[in-house]
Amino acid sequence: DGIKRLHRTGYHFQPPKNWINVATAPMYYNGVYHLFYQYNPKGAVWGNIVWAHSVSTDLINWKALEPAIYPSKSFDKYGCWSGSATVIPGIGPIILYTGIVDTQNTQVQCYAIPANESDPYLRTWIKPYFKNPIAVAERTINGSAFRDPTTAWLGKDGLWRMLVGGRNFHIGVAHLYKSKDFLNWVLAENPIHSAKTGMWECPDFYPVSLCGKKGLDMTSVGERNVKHVLKNSLDLTRYDYYTIGTYSSAQDKYVPDNTSEDGWGGLRYDYGNFYASKSFFDPSTKRRVLWGWANESDAAQDDIKKGWAGIQAIPRMVWLDSNGKQLVQWPVEELNSLRGKEVKMGNKKLQKGDYVEVKGITSAQADVEVSFSFSSLKKAEEFNPSWKNAQELCGKKGSKVQGGVGPFGLLTLASKKLEEFTPVFFRIFKAPHNKHVVLMCSDASSSSLKKEGLYKPSFAGFVDVDLANKKLSLRSLIDHSVVESFGAGGKTNILSRVYPTLAIKNNAHLFVFNNGTEPIKVENLNAWSMRSAAIN
Ligand code: DQQ
C-alpha cells in the first residue's frame, strides 16, 4: 500500500483513485460549489471519460457524489469530454459539453440540465433528446478537433454566444456560436479569434475589471469599461496561454491588446504543470475563480502502480493587474482555514552560500509566505537579450549556480542532507537602460534521486515587477508531490509535480537560501503546517 499513498496530496483535490484531468463546468449555485472533472472510472490512465462530481461550501473540503454525466446516448456514446456551466438568470444551470460519437473520436457539442432543480447537490443530469446534439462539425470545421464549449454569455443584441475550441490546419480557432433560445445554435461566419498555435483546447473567455480584484459575471456584464481575457490550452506543449484584449459583440470579434505575444511565447497562468484550466464567476463573493489540472510527472507505469494520476491545483482568485497588461492570481482565502501550527522568521540575513532550516512545521504539507529584501542591485548579472526562454535559462542557471543578486528563495521538499530538494527562487539580472529582469524558477531537476521515467523540468517564468522597494515575495503551497508557488503576489506562478524518495512525510525539510554575492534579508517568513482537507 505504501507506494499508493506515499505521494498523495493532503489538501490538493484528488479522488481516492484513478485518472483525472480537466476540471469541467465549475460553478456556484444555491450556496454550493460544484466541481466536475474528467475521470476514468476504470483506471489510472486516460480513457472511458465521464464527469465525476464533487460539491463543497468552501472550495477546499469536498464531498464526492456519483458521476454526473457519463456516456448514455448516441451523441456521447464514446465519451463525455470537457465543457462548461452557464447559470441562466431566473432559470438555472445548463451544462454544455463535448460528446464523442464514434471510435475515431468525432466530437459534437451537447447540453445537459439538472433532473431535479430542488436537489441542492444537483446530483442527476439529463440530456434531452430535443435538440441534442446542439452543434456538429459542419462546413469548414474539423470534427476531430472540435471541443470544450465555454460558458455562454449574452450579447447586446440579446443573443447567447458560446465558443468551441478547434483547429484549422496549424491555426488554433475559437469557433463562435449564437442562439436565441440556448437550444438552436448557429455557427458565426468567423471565429471570434484565431492564432498560429495549433489546436485550442478548453478556451475560456471572460471580462475583468480595469481596477480592483472584483470578478465579473460573463453573462451580464457589458463591453465598456472592462477588458476581456481569452485563454487557450495548447495541446502540443500542454500549457495555457492567454491574452488581454477588447471584445465587441456587435462585430463578434475579440482583439488582443498588443501588450503580450498572441501565441507560443505568450503570457501563461502558470509556467509549470497546469493545464486545461477553467474559470467561473462566484456570485457569493464577487470574485473570479480559476481551476487548473496538474498532471503527473511520473511515468505512466508508475501511475498505474500508484493507482491514481492527476490532481487539481488549489483554486485561485484571478484579476487584472493594475498595469492592465497581465492577470494576477492568488489561492482562494478559504485555504487559510487549513493552516495549523505557525512558525516565523524575520530580519534574517543570508550571505552567499547560506541556507537556514525553517523548523517546527510539517514541511511536506505546508504553506509558506516569505518576503525577501536586498540593499542594492549593483551586483546583478548582465542579462543577455537572447535569453527569451525562461525555462532554458533556469536549466542553465539553477539554484547551485552562484549569481550576483540571487539565486535566493526556498528549498522545498528537501532531504536532511540535500540529496533531494525542489528549489523555488528568484534571480535578478541587469538589462540595458537601468532595467532589471527577474527570473523565477521552480526547479524539479534535483527533486528526486529516482531517475527512470521521471520528468524533472526546470520550470521558470519572468516576473514583471517593480523592484523600487528592493523586495520580492514568494508563497509556496507544499503538498507531498506538489509545490505550487506564487511569485510577487501572484504575478508569476509555477506548479511543479515532484516525487522525492527521501524527502517524504516527516523526512521532508524546508530551508531559505541565498547563493548570490549580494546578501539577502528574510524580512518576514510565516510558515504553517497544513491540515488535510476533507476531500471525497
Ligand atoms: N482532454 C479532454 C478534452 C480536452 C482535453 C478529454 C484536455 O475535452 O480538450 O478528456 O486535456
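Which helix and strands each supply at least two residues of the lining of the largest pocket? Hold that thought, everyone; a word on the model comes before the answer.

What you see is a predicted model, where local features need pLDDT of at least 70, side-chain atom pairs count only at pLDDT 80 or more, and totals for chains, interfaces and linings use all residues. Residues are numbered from 1 along each chain as its sequence is written, and side-chain values use heavy atoms, with hydrogens and water left out.

Okay, the pocket. The elements are strand 18 (239-248), strand 20 (267-268), helix 3 (390-396), strand 33 (435-443) and strand 34 (458-463). When I say helix or strand, I mean a DSSP run, numbered from the N terminus: H or I with at least four residues for helices, E with at least two for strands. Strand 34 gives the most to this lining, with five residues.

What counts as a pocket here? On a 1 Å grid over the protein atoms alone, a pocket is an open set of points with protein on both sides within 12 Å along at least five of seven lines, whereas a cavity is a set where a 1.4 Å probe fits but cannot get out; lining residues have an atom within 4 Å of a point. Grid points are joined across faces, edges and corners, and a volume is the space filled by probe spheres set on the points.

The largest pocket comes out at about 1400 Å³. Its lining has 45 residues, and the ones nearest the centre are Gly265, Gly266, Tyr271, Ala390 and Phe462. By class, that lining has 22 nonpolar, 15 polar and eight charged residues. For those classes, Ala, Val, Leu, Ile, Met, Phe, Trp, Tyr, Cys and Pro count as nonpolar, Asp, Glu, Lys and Arg as charged, and the others, Gly among them, as polar.

Now for the cavities. Rolling a probe the size of a water molecule over the atoms shows where empty space is left. The count here is five cavities of 30 Å³ or more. The largest cavity has a volume of about 60 Å³. Around that cavity you'll find Trp153, Leu154, Pro207, Met218, Val221, Gly222, Glu223, His228 and Tyr247. Six of those lining residues are nonpolar, two are polar and one is charged.

Asp148 has a polar side-chain atom 2.5 Å from a ligand oxygen. For Arg147, an N or O atom of the side chain is 2.9 Å from an oxygen of the ligand. Ser82 uses a polar backbone atom instead, 3.1 Å from a ligand oxygen. On its own the ligand exposes 310 Å², and the protein buries 95% of that. Those areas come from the Shrake-Rupley method with a 1.4 Å probe; for residues, only the protein chains shown count as cover.

Ala25 has a phi near 45°, a positive value in a residue other than glycine. Is Ala25 buried or exposed? Its relative accessibility is 1%, so Ala25 counts as buried; the cut-offs are under 20% for buried, over 50% for exposed, and partly exposed in between, with a 1.4 Å probe and protein chains only.

Lys131 has a positive phi too, about 75°, and is not a glycine. Lys131 is in the loop between strand 8 and strand 9, and is partly exposed at 34% relative accessibility. That loop, between strand 8 (125-126) and strand 9 (135-136), also holds Pro133. The peptide bond from Asn132 to Pro133 is cis, with omega near -5°.

Last stop: Asp298, in the loop between strand 22 (287-294) and helix 2 (300-306). Asp298 is buried, at 11% relative accessible area. Its side chain makes a 2.8 Å polar contact with that of Lys450, and one of 3.1 Å with that of Lys306.

Terms used: A polar contact is a pair of N or O atoms within 3.5 Å; within protein, one must be able to donate a hydrogen and the other to accept it, and residues adjacent in sequence count only if both atoms are side-chain atoms.
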